[in-house]
Amino acid sequence: MDFANILFGGPCNRFCPFCIGKQLPGSVQVNNLDLYPLRNQERFADEVNRLGIRQVVFTGTVTDPSLYRHQARLLDWLRSNIHTGASYSLHSNGVVAEQRMHEFNLYDKACLSFPSFNSQTYQRMMGSPKVPDLEAILRGATIPVKISCLITPDNYPEIDDFLKRCQQLGIRRLVLRRLFGEERHWEILPQRTPVSHYRGNPVYDYDGMEVTYWNFDTSQSTSINLFPNGTLGGSYLLTETAQFQEMAGR
Ligand code: SF4
């Protein structure tokens, strides 16, 4: 088992048209941003220990985990109760990172969903024209920051410039993601040859920045997921979690 995800629900500070959490049943999208302890928190830690999982991720279904009000307390508790040597990672849209740098730096690493530096493109993809100041976030960060960039027709024409700017800002790892269920194939770094593959996904060296072109549909990662309503599910593809298939009558 590769990952253990803690999923947060509640209002988000962005309005992405492709928000995957909105495909989940309403019953699991409950607001847990002010809840401590989380529902099934102890069972989650027991499972992480039992399965020997070494990567715990704070992420969202329909919200940004940086909006959770008890991040420090939950991290402390997990670090005391999980004995697998796990690292703790924040998967966030970065919107409040600059204002909450102290909490941001409590994690071992962070991955920011960041599709464009261009305000108009950002608005089309995230539902707001306000682009987080990535340079300022990187200046304040004391932990490694990876960028996760969804590719759609909106930002595809900018990808070359986007990669160049991220590399110039000192980003060391960047992932380009296809939309869940996307059938189009984007041509990425056509002049370059992958230096390796990670779980079937090509990895490129972009002048010192590692760029992975990630295809969710064919990747073989596995995880357990603690949903906001306390459901503990066991599939990497959230919408394929067995409990939800049963609920949807599939
Ligand atoms: S930032 Fe994440 S949780 Fe918020 S709307 Fe966008 S995809 Fe959904």
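Modeller: Let us begin with proline 37, which sits in the loop between β1 and α1 (41–51). This is a predicted model, so please read every value here as computed from it. The peptide bond joining tyrosine 36 to proline 37 is cis, with omega at about -5°. Asparagine 40 is found in the loop between β1 and α1 as well. Its phi is near 70°, a positive value in a residue other than glycine. Asparagine 40 counts as partly exposed, because its relative accessibility is 32%.

Another positive phi turns up at leucine 189, near 45°, and this residue is not a glycine either. Look for leucine 189 in the loop between β6 (173–178) and β7 (196–198). With a relative accessibility of 7%, leucine 189 counts as buried, because the cut-off for buried is under 20%.

Now move to the loop between β4 (109–113) and α4 (119–126), where you will find serine 116. Serine 116 has 0% relative accessibility and therefore counts as buried. What does its side chain reach? The side chain of serine 116 comes to 2.9 Å from the backbone nitrogen of asparagine 118, and it also makes a polar contact of 2.8 Å with the side chain of glutamate 158. If you set aside residues up to four places away in sequence, serine 116 touches Thr121, Tyr122, Val131, Glu158 and Phe162. For a sense of spacing, the C-alpha atoms of serine 116 and proline 132 are 9.8 Å apart, while the two residues are 16 residues apart along the chain.

A further loop, between β5 (145–151) and α6 (159–168), holds asparagine 155. Asparagine 155 counts as buried, because its relative accessibility is 1%. Its side chain reaches the backbone oxygen of proline 115 at 3.1 Å. Proline 115 is also one of the contacts of asparagine 155 beyond four places in sequence, together with Thr121, Met125, Cys149 and Leu150.

Next come the aromatic rings. The count of aromatic pairs comes to 9. One of them brings together phenylalanine 8 and tyrosine 68: the ring centres are 4.5 Å apart and the planes are at 35°, so the pair is tilted. This pair links distant parts of the chain, with phenylalanine 8 in strand β1 (residues 3–8) and tyrosine 68 in the loop between β2 (55–60) and α2 (71–81), 60 residues apart. Both phenylalanine 8 and tyrosine 68 are buried. Phenylalanine 114 and tyrosine 122 make a tilted pair too, at 6.4 Å centre to centre and 50° between the planes. Both phenylalanine 114 and tyrosine 122 are buried. Phe8 and Tyr68 belong to one aromatic cluster with Phe58 and Tyr107.

Charged side chains meet rings as well. Arginine 165 lies over the face of phenylalanine 117, 4.1 Å from the ring centre. Arginine 192 lies over the face of tyrosine 206, 4.4 Å from the ring centre.

Last, have a look at the ligand. Around it are Cys12, Arg14, Cys16, Cys19, Val62, Thr63 and Asn93. Sorted by class, this shell has 4 nonpolar, 2 polar and 1 charged residues.

Notes:
Residues numbered from 1 in each chain as written. Predicted model: local features only at pLDDT ≥ 70, side-chain atom pairs only at ≥ 80, totals over all residues. Heavy atoms only, no water. Helix = DSSP H or I, 4+ residues; strand = E, 2+ residues; numbered from the N terminus. Buried < 20%, exposed > 50% of the residue type's maximum accessible area, 1.4 Å probe, protein only. Polar contact = N/O pair within 3.5 Å; in protein donor to acceptor, adjacent residues only side chain to side chain. Contact = heavy atoms within 4.5 Å. Phe/Tyr/Trp six-rings, centres within 6.5 Å; stacked < 30°, edge-to-face > 60°. Lys NZ or Arg CZ within 6 Å of the ring centre and 35° of its normal. Near = heavy atom within 4 Å. Nonpolar A, V, L, I, M, F, W, Y, C, P; charged D, E, K, R; others polar.
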